[in-house]
Amino acid sequence: MVMAAWPRHDMIARCRDCAELIPAAPHAIEIRCPACGSPRIFRHAELDSLSIAHIDCDAFYASVEKRDNPDIADRAVIVGGGKRGVVSACCYVARIYGVRSAMPMFKALKACPDAVVIHPDMAKYQRVGRQVRSLMIATTPLVEPLSIDEAFLDLAGTEKLHGGSPSRTLMLLARRIEQEIGITVSIGLSYNKFLAKVASDLDKPRGFSAIGRADAIDFLRTRPVSLIWGVGPALMRRLNADGITTLGQLQTRDERELTGHYGAIGKRLARFARGIDDRSVDPDGPTKSISAETTFDADVSASTALAQQLWPLCEKVAERLKRHKLAGRSVTLKLKTADFRVITRSRSLGAPTQLAETLYQTALPLLEAEAQGRKYRLIGIGAAEFGDLSEADPPDLFDRKSHRVADVERAIDNVRAKLGDDAIMKGRALEPRQRRAR
Amino acid sequence: MKLTIERDALLGPLAHVQSVVERRNTIPVLANVLIRAETGKLSLTATDMDMDIVETVEAEVGAKGAVTAPAHTVYDIVRKLPEGGQVELARQGEGERMAIKSGRSSFALSTLPVEEFPALSGDKLPHEFSLPASELRALIDRTRFAISTEETRYYLNGIFLHGTKNSDVPVLRAVATDGHRLARVEMPLPDGASGMPGVIVPRKAVNELRKLIDESTEAVTVSLSDSKIRFAFGAIVLTSKLIDGTFPDYERVIPTGNDKLLEVDCKGFAAAVDRVATISTEKSRAVKLAIQPGLMTVSANSPDSGNATEEIEVGYTAGPIEIGFNARYLLDITEQIEGEHAQFAMADAASPTLVRDVSDASALYVLMPMRV
């Protein structure tokens, strides 16, 4: 049964398809757009005064694959790969069977044996992602990409340019992405980034949601604390142990109390729970970290074998640091145990680095401390807290070879640039077997 | 436990010990100060498990006993009480509360069991010697700026203190380095120190000790084993664990054959470096020294803000050289040189440079150049 509500005069309504304003009908609620006849009508009191949006492509990789192969349009599609790989993306049909992204492949196939499994074609997704982004940038210069398939947009001040409110502009943008690129997006609209991101998740796929200033506090009250970015399992356990499970409970505590109790994150807990987030949409949202990781074909426990896997990742991260002219002041080692527990261990450095050797030597003791016979399925390494390049990898009194390490890496980089990645490598990168053979 | 003490007599010792207490603690009792009343005196103890400070002060003790209460809170309360008043501290009930009373104010603070409070002090340490507080200050001030904060090389996170000989004269030597600069300071070896092992005193203990002996004119008794060190002076005893690691062979990085000798007026040089470095960015503080006979040009170049140069007269007769240093590091060293002139002994733009006070042979500094 459809509950027919009386039209609320304080509500602003727009047609999701043609984006036109729907006049408040005096007697009956319009259930179809008078202009185009579409039933997709969105109503919200603050619809035309909100300007920060989060746009998220729906099941991005899977949608791109379906677009390119209409035969699988109605089937469950899982994008992911490798014997031991995980689900990178799954379409909404696959989700009905319980498949989720980041789920191990074998589990996903158990849940949904008839799924079409497609090996990811990252180059293609990058290409489509760029097309989506260029449509966003054509809408507003203030686009802050979060990943290949999602971004924040700030549309404040674009009313004259686009001849309408941000909500109208966004609905037209969603339509244009569907028509020109052939995939669907979900849009969250609010007055800050936190709420925009939350909103985009409310009505997926092909959704549109808004959270206004007047309804934010009520909306957040019943939501779980895990909604706040940065509340991971550990902090969640602490909050739960202190009897806090909902944002409503955080709304009753002041910022000082929460900071005193939980440290720096307390500020975010207090503010986000009240719908306050003053981060601006930053178009060149700076790279905050560079990392690389790999999942093993079979669990690995020996520290030498783990170190063997670590080295090429260090090289990969170092190569990207050098390419982006960045140098990291902290190094993070990531491990995932056979039972899917993620362990991260960080070390800060005296001076920022962009050398694979330094990343490796810093991570090695961290790895050895964790290896202790436990089995791991994944290893990763990241560099963060970027510092000044001129300060990077300074010569060291006790390690006079340090400048030679830098020279050797530069030489290797040069050879690889000319002859390809496999043209030259450190002995460390060879399997013990290969080492004997050569 | 029940005692009465003048507010001002209590405040100083509380300020001293509470500074050891970390703002965030995973073990609740570490946030507390241990207050123990004995005949005619009161002792206060605070610890972070790696070090503790115990300070004793006279008090009128009505009932002996002990209690632990939140250190920062107790300190803040006593600090805010009016000067010159009397303060009463008393254990309430079964010890679940401690009462603080002064004039018309009264407070009841929650406590934690005394048995939970970790003890670090107490045991006898095999090596003992004493030295004037002023000498200890000189050892610390001239080395601690070079202590590393890098976690990977944890064995550099403190001052290496050891007995050795300098041209057959026994000396007590303090060394600190972060791999980019090194400071080595020595004094005649005190009686009783000759058999001591080389020990690495952690940065936090060094900084707390330095604060406590800031105005002291007394002798400091140092006692140590290969795992702990204790400093006792006046009514205060600071005990710290030592860093369990091997300090690197620092002698091999001290250059001996550097023949390009530069002599500068220390204050004038420091002021010039400071002025020129204003232009360089917050993070990178590189300055370039272009040196030719009689004249040095200090310059800095920042792609963002511009450039700066300053010329100063120097004593120099060797061939021209251009060499870069971190301005912060240069200033850290010149700040510790009390004599009028500093001498730089250089080899080339990529090798360690030796810096000394021309009028004082007890300290030397090594500085790694920067690429400029």
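In chain A, residues 24 or more positions apart account for 62% of the contacts with a separation of 6 or more; contact means heavy atoms within 4.5 Å. This is a predicted model, in which local features need pLDDT of at least 70, side-chain atom pairs count only at pLDDT 80 or more, and totals for chains, interfaces and linings use all residues. Residues are numbered from 1 along each chain as its sequence is written, chains are lettered from A and ligands numbered from 1 in the order in which they are written, and side-chain values use heavy atoms, with hydrogens and water left out.

## The two chains

Here are the chain totals. Helices (H or I, at least four residues) and strands (E, at least two) are DSSP runs, numbered from the N terminus. Buried means under 20% relative accessible area, exposed over 50%, and partly exposed in between (1.4 Å probe, protein chains only).

| Chain | Helices and strands | Buried residues |
|---|---|---|
| Chain B | six helices, 26 strands | 53% of 372 residues |

Chain B has its own contact figure. Among its contacts between residues at least 6 apart in sequence, 66% join residues at least 24 apart.

## A sheet in chain A

Five strands of chain A make an open sheet with mixed pairing, in the order β7-β8-β3-β9-β10. Two strands pair if DSSP finds at least two bridges between them. The edges are β7 (143–147) and β10 (208–210) of chain A. Each has a single partner strand, so one side of each lacks a neighbour in the sheet. From one strand to the next, the twist averages 15°. Axes are lines fitted to C-alpha atoms, for helices over the stretch in contact, and angles run from 0 to 180 degrees between N-to-C directions.

β7(A) runs antiparallel to β8 (residues 150–154) of chain A, and four bridges join them. One residue pair shows the link: A:Glu144 has A:Phe152 in β8(A) as its bridge partner. A helix packs on this sheet too. Helix α4 (residues 122–139) of chain A touches β3 (52–57), β7 and β8 of chain A. Its direction makes about 155° with that of β7(A).

## A hairpin in chain A

Strands β12 (residues 328–337) and β13 (residues 342–353) of chain A pair antiparallel over eight bridges. A:Gly328 has A:Thr353 in β13(A) as its bridge partner. β12(A) and β13(A) form a hairpin, with four residues between them. In the turn, A:Phe340 has a positive phi of about 70°.

## Buried residues in chain A

A:Thr169 sits in helix α6 (residues 166–180) of chain A. Its relative accessibility is 6%, so A:Thr169 counts as buried. Beyond its neighbours within four places in sequence, A:Thr169 contacts A:Thr139, A:Leu155, A:His162 and A:Gly164.

A:Ser63 belongs to helix α1 (residues 60–68) of chain A. It is buried as well, with a relative accessible area of 16%. Setting aside neighbours within four places in sequence, A:Ser63 contacts A:Asp58 and A:Ile183.

Now the cysteines. Over all chains, the structure holds zero disulfides; a disulfide is a pair of cysteine sulfur atoms within 2.5 Å. For A:Cys33, the nearest cysteine sulfur is that of A:Cys18, 3.6 Å away. A:Cys33 is buried, at 4% relative accessibility. For A:Cys90, the nearest cysteine sulfur is that of A:Cys91, 6.9 Å away. A:Cys90 is buried, at 0% relative accessibility.

## A sheet and its helices in chain B

Eight strands of chain B form an open antiparallel sheet, in the order β6-β2-β3-β4-β17-β16-β15-β10. β6 (65–70) and β10 (127–132) of chain B stand at the edges. The twist averages 20° from one strand to the next.

Six bridges join β10(B) to the antiparallel strand β15 (residues 219–224) of chain B. In this pairing, B:Leu131 has B:Val220 as its bridge partner. Helix α3(B) packs on the sheet and touches β10, β15 and β16 (228–233) of chain B. The direction of α3(B) makes about 95° with that of β10(B).

Helix α3 (residues 133–141) of chain B also packs with helix α4 (residues 203–212) of chain B. Their angle is about 140°, and their axes are 10 Å apart. The contact includes B:Leu136 and B:Ile140 of α3(B), and B:Val206 and B:Leu209 of α4(B).
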